[in-house]
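Trainee: I am new to this one. Please walk me through it, feature by feature.

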Protein chains: 2
Amino acid sequence: MSLKKKPVTGMKDILPQEMEIRNYVMDLIKKTYASYGFVSMETPCIEHIENLSSKQGGENEKLIFKILKRGEKLKLKEAQSEADLVDGGLRYDLTVPLARYYANHVSELPSPFKALQMGNVWRADRPQRGRFRQFMQCDIDILGEPSALAEIELIQATSSLVGQLGFETFTVRINDRRILKAMAAFSGFPEESYDTVFIILDKMDKIGMDGVRNELTKEGFTASAIDQYLGLFEKVTPDLSGIRYLQTSLAGYLDESVAQNLMTIVESVETVKTAECQIVFDPTLVRGMSYYTGTIFEISIDGFGGSVAGGGRYDEMIGRFAGTQTCACGFSLGFERLVMLLMERNFQGFQKKEKVAYLLEKGISQDKLIAVFQEAQKEREAGHVVSINIMKKNKKFQKEQLTEQGYSEIKEFFCD
Amino acid sequence: MSLKKKPVTGMKDILPQEMEIRNYVMDLIKKTYASYGFVSMETPCIEHIENLSSKQGGENEKLIFKILKRGEKLKLKEAQSEADLVDGGLRYDLTVPLARYYANHVSELPSPFKALQMGNVWRADRPQRGRFRQFMQCDIDILGEPSALAEIELIQATSSLVGQLGFETFTVRINDRRILKAMAAFSGFPEESYDTVFIILDKMDKIGMDGVRNELTKEGFTASAIDQYLGLFEKVTPDLSGIRYLQTSLAGYLDESVAQNLMTIVESVETVKTAECQIVFDPTLVRGMSYYTGTIFEISIDGFGGSVAGGGRYDEMIGRFAGTQTCACGFSLGFERLVMLLMERNFQGFQKKEKVAYLLEKGISQDKLIAVFQEAQKEREAGHVVSINIMKKNKKFQKEQLTEQGYSEIKEFFCD
């Protein structure tokens, strides 16, 4: 009676080499955000199925791993549909649980509440290379802070973190959904087609200005709207003067304070940054999630397609679910992507401890054994890793293996 | 449309205060075992339902949270029983996954494999105070080391850990299931009733020698067997000479090497221990799990009922499931118990960072804001926690709250 050896479909066992990097990254995340006053929190991996099906999760709601009711609650024969069999599911993100947690504990939490969550989430996606059905999410959120301070601290802390992970050239791109909308309004696109326009705009980095023009034309938008729109993008620069340009051009469509707010964020983050990154204003940045209400931002590593962190302000969602209006701003780290990139680069940035292996000949006396343990204890107290092993017949092979595992020194102890 | 605010039945949200202790304990566990050469590993939280139902999990197999098949695999109308609906479940321990992992990756792992696992497990137990349906387990296992070195390192590392958590008086109790059996055989109990005898013996610390005698008598065992049996316990001392006494008395029933092995362990651990703990030989220690084949051990904190860590040698289980014979020895930490005890004691043993809160008057100029961020950055680099906040109308209350959160210094910044 032997076990099925492979993990369940789409999930993975994590080997010690990867765990070493994961542990290091988790540690650095905790330390970095803690120094900004963020505190850790955790929710159960199982959520009420009603909470997971509240329409906030978008497409993810189709990917829920559902959990069978237990005991008397499970009435298999009477069940008409899945809903009769299920009362819980594995969380697909950390945002729905955050809203529930905040609603449940608001009186016990500081205000603003600066939360750090690291935990697994599950999505029954079609398995594919590099995408798993269980993966670690890492979310940092500030609840109850309406000012740009929230954005500045989130971006500052996160870019400092990415810098500490040894990524030397990366870009922080910042935009505001209200600017996106004002640009579309100014150009004369009808409000109900903004989403269509933004989906096309989002491809700018791939298909370029001409590609965007073609797709907008295909959708049947007027040439004058398209010209007006792309004219803005041609003139805007990826910096403070770009924002200032839009502040002037979009007068009447854009509240002045929105541009002002964005300038405060870009300028503050630029001045205080500790990593060698570029902070840019990117009017083509869209970010998919519909719940964003203001600033949006993203970090991408130069030379690697796709972002490693993304976030923004979502002032309405928490309130809608928690019952009381609560402004919120968050940043989500692509933990698995970061780890994958570090693995590919054979990351060794963390300080490795000196590793010493002891090999004991079989049959060593009790007195000698104790002397060995005492010596090991001293080395451990001095900060070394000491692994004690019984000497194998094929000692040469054993030593090679230990060297491969990073044991740079090998001490041998014989019976006499 | 508001969310259900409470977590699902029997599971809990973890507040920042508890997270601080949990993170500290997890960190210390990782560091301590790493210094002995243990490496971290992880398996998915979902396991094949067949693996979870392989009879190794005992009573836990009745407590599985089962996961509905997905997509085309789910045929609700044709389903006759639960088994037709389910293909996975949440793991109820870390031992079944360890066996699967080892079988799957043996060629990529060092031998012996010294593994550290920390992860959630789920059991649909009846909810009760202090017992949850999702909880963290922490298992340390050595696979492939037949000698007493495995036991010595596991006990040494674990007692050093418990000592570092500030528990000053605790006891490590050690026994061997082969000694348990030899004592029962020597006394003349029939082999098929050993389990009954051991279940009664296990109550010795609660009901005493007379209580054990009564219960054994009630079970219908002969007075001579009972006298012989309890006579051994009267004479045996909780130390090396106790083991030596049994080595002599049980000659013919107990392999000499078993007693010798146990003496090596007790003596080594006693000599090298770094914490102020007692190492005792306890012939009444039984430990429930049927898969133990040799030494068994347990750590209990003096003055607190129940153990905080338990383990032993289980040389047959991994092989039975993995297909190839693999000796194994493990120690499981009662992570949730340790955290609970530390919470009750208001544990402050970890070095707290200096926490400074900044209060900014609303409307502060951009120049001043940047100066504030730069000052904060310097303090963070010096190792402090700095939390920047907008000054509230009720500043007095705000300051009180920050003080409560551990901010010992509060700096104020005004518009001019």
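Mentor: Start with the elements: helices (H or I, at least four residues) and strands (E, at least two) are DSSP runs, numbered from the N terminus. Chain A has 15 helices and 14 strands. This is a predicted model, in which local features need pLDDT of at least 70 and side-chain atom pairs count only at pLDDT 80 or more, while totals for chains, interfaces and linings use all residues. Residues are numbered from 1 along each chain as its sequence is written, and chains are lettered from A and ligands numbered from 1 in the order in which they are written.

Trainee: Into which domains is chain A divided?

Mentor: Domain bounds come from an automatic or database domain assignment. Here, domain 1 covers 16-344 and domain 2 covers 355-413. Their C-alpha centres lie 49 Å apart. The C-alpha trace of chain A spans about 95 × 65 × 45 Å along its principal axes.

Trainee: What percentage of the residues of chain A count as buried?

Mentor: A residue is buried if 20 or more other C-beta atoms, placed from the backbone, lie within 10 Å of its own; it is exposed if 12 or fewer do, and partly exposed in between. Of the 416 residues of chain A, 43% are buried.

Trainee: How many residues of chain A are in contact with chain B?

Mentor: Contact means that the C-beta atoms of two residues, placed from the backbone, lie within 7 Å. By that rule, 80 residues of chain A touch 80 residues of chain B. Helix α14 (residues 366-381) of chain A gives the largest share of chain A's side, 7 residues.

Trainee: Now helix packing. At what angle do α4 and α10 of chain B pack?

Mentor: Two packed helices are described by the angle between their axes and the distance between the axes. Axes are lines fitted to C-alpha atoms, for helices over the stretch in contact, and angles run from 0 to 180 degrees between N-to-C directions. Helix α4 (residues 149-164) and helix α10 (residues 256-272) of chain B pack at about 35°, with axes 9 Å apart. In α4(B), Glu151(B), Ile152(B), Ile155(B) and Gln156(B) meet Ile265(B), Ser268(B), Val269(B) and Val272(B) of α10(B).
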